[in-house]
Amino acid sequence: MLLIPLLTAAAIAPGVNAGAMLRFSCSQLVVERLDPLVNPGMIPSPHLHQVVGGNAFNVSMDPNSLDLPSAATCTSCTPAEDFSNYWTATLFFRARNGTFHRVATKGNPLGFGAANGGQTVYYLGPSGNSKVTAFKPGFRMTVGDPTFRSDAQLKKYPMLTFTCLQTSTTRDGATTSFPKAPCKVGIMVSIRFPTCWDGKNLDSPDHQSHVAYPSSGSCPSTHPVTIPQVFYETVWDTTPFNDKSLWPTDGSQPFVWSFGDPTGYGIHGDYVFGWKGDALQRAMDSGSNCNSDLLGNSLNCPALKSQTIQQGNQCSKRQVVNENLDGWLTELPGGMKVA
Ligand SMILES: *[C@@H]1O[C@H](CO)[C@@H](O)[C@H](O)[C@H]1NC(C)=O
Ligand SMILES: *[C@@H]1O[C@H](CO)[C@@H](O)[C@H](O)[C@H]1NC(C)=O
């Protein structure tokens, strides 16, 4: 594996300092139109998602009646005590004739190529070994806004980006909109959540105002509690669509989010905490002794129980929404209009 010397923390996640850093593989659990956080009880939800994590993910996930670690029987992630759910919208390629083809996710080529799609998940502690407070049962949040269509709007969320992978280690040139040219290895979508919490609310009506970004390196007085930075990297396998003769004749790029966004600025992610007991807190408290799952199957964190990527690949969930998502579709699932 020639890439090993390149796998420093800096190559994997720019800006990461010493301090706890969990990095692990979560294989694809399900791709379907459900959103228990934003549209609980709705079958189907308006747009399509790719979901990873515990198999208790479902139409509704009411924190008052659902304890994820006891409801789930498996997880698609390598930390065996992590029954959280992590999800994002999905990507589609729009052909010249106006039909749409779903883009698959693939295991992160930096170490997690054995994963059956899904995404990489990080939990980053603050630099140094300052105190970080793990989430409480029932905690959930979203980041980003699917209605955004401009860079000016996206300034509200500073760390949601696209990286055009020329190689599996490309980490420069991140953009806030879809890449403008074909990407040899795929498009990596990076979604970083805020790191400050109000210390009281497990959720809020907009699923965002109970958390906040730090300013000048520290949490604001309204949101004084430092929480781990939850960070997703999803590698979209756009390589089957790299032939420029398939791209729009006006020079624009051909990818759209499943909610009809052709710009990329509507990038967003959803998180529902579901670690068992104090496992996440233990891992964060281990500091640099729990530095990450850099390569492949073994979680380099003695504080946690782990399983292999292959075991994660076997965790599945019965589909609730039955609709065709494969082949060339005349419209986006749910009839989402491109706009
Ligand atoms: C998921 O929700 C559906 C619809 O409410 C229900 O029929 C099904 O039993 C639930 N599945 C699990 C595993 O809880
Ligand atoms: C639309 O374009 C795609 C990609 O070029 C092609 O595979 C598909 O057969 C076309 N569908 C129709 C109905 O022309």
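This briefing walks through the disulfides, some strand pairings, one glutamine and a ligand site.

The model is predicted, so local features need pLDDT of at least 70 and side-chain atom pairs count only at pLDDT 80 or more, while totals for chains, interfaces and linings use all residues. Residues are numbered from 1 along each chain as its sequence is written, chains are lettered from A and ligands numbered from 1 in the order in which they are written, and side-chain values use heavy atoms, with hydrogens and water left out. Helices (H or I, at least four residues) and strands (E, at least two) are DSSP runs, numbered from the N terminus.

**Disulfides**

- A disulfide here is a pair of cysteine sulfur atoms within 2.5 Å, and that rule gives a count of four.
- Start with Cys26 and Cys77, which form a disulfide with their sulfur atoms 2.1 Å apart. The torsion about their S-S bond is about 105°, so this disulfide is right-handed. Cys26 sits in strand β1 (residues 21-26) and Cys77 in the loop between α2 (68-71) and β4 (85-89), so the pair ties together parts that are 51 residues apart in sequence.
- Are Cys26 and Cys77 buried or exposed? Both are buried. For the cut-offs, buried means under 20% relative accessible area, exposed over 50%, and partly exposed in between (1.4 Å probe, protein chains only).
- Next up, Cys74 is joined to Cys315 by a disulfide, S to S 2.0 Å. With a torsion of about 80° about the S-S bond of Cys74 and Cys315, this disulfide is right-handed. Cys74 lies in the loop between α2 and β4, and Cys315 in the segment after α5 (309-313), so the link ties together parts that are 241 residues apart in sequence.
- Cys315 has 2% relative accessibility, so it counts as buried.
- Then there's the disulfide of Cys164 and Cys183, whose sulfur atoms are 2.1 Å apart. The link of Cys164 and Cys183 has -115° about the S-S bond and is left-handed. Cys164 belongs to strand β10 (residues 160-165) and Cys183 to the loop between β10 and β11 (186-192), so the pair ties together parts that are 19 residues apart in sequence. Cys164 and Cys183 are buried.

- How many residues of β11 are buried? The strand is mostly covered, with seven of its seven residues buried.
- Gly186, Met188, Ser190 and Arg192 point one way from β11, while Ile187, Val189 and Ile191 point the other way; all are buried.
- Two strands pair if DSSP finds at least two bridges between them. β10 and β11 are joined by six bridges and run antiparallel; Thr161 has Ser190 in β11 as its bridge partner.
- β11 and β15 also run antiparallel, again with six bridges. Across that pairing, Met188 stands opposite Val235 in β15.

**A three-strand open sheet**

- Three strands make up an open sheet, in the order β13-β12-β14, with antiparallel pairing. β13 (211-212) and β14 (225-226) stand at the edges with a single partner strand each, so one side of each is left without a neighbour in the sheet.
- Strand β12 (residues 196-197) and β13 run antiparallel and are joined by two bridges. Cys196 has Ala212 in β13 as its bridge partner.

**Gln253**

- Gln253 lies in the loop between β15 (229-236) and β16 (255-257). Its relative accessible area is 13%, so Gln253 is buried.
- What does the side chain of Gln253 reach at 3.1 Å? That is the backbone oxygen of Pro262. A polar atom of the Gln253 side chain also lies 2.8 Å from the backbone nitrogen of Phe255.
- Polar contacts like these are pairs of N or O atoms within 3.5 Å; within protein, one must be able to donate a hydrogen and the other to accept it, and residues adjacent in sequence count only if both atoms are side-chain atoms.

**Ligand 2**

- Ala95, Asn97, Thr99, Leu246 and Trp328 surround ligand 2, where a residue is near if one of its heavy atoms lies within 4 Å.
- One oxygen atom of ligand 2 lies 2.4 Å from a polar side-chain atom of Asn97. An oxygen atom of the ligand is also 3.3 Å from an N or O atom in the Trp328 side chain.
- Taken alone, ligand 2 exposes 360 Å², and the protein buries 43% of that; the areas come from the Shrake-Rupley method with a 1.4 Å probe, and for residues only the protein chains shown count as cover.
- By class, the shell around ligand 2 holds three nonpolar, two polar and no charged residues. Ala, Val, Leu, Ile, Met, Phe, Trp, Tyr, Cys and Pro count as nonpolar, Asp, Glu, Lys and Arg as charged, and the others, Gly among them, as polar.
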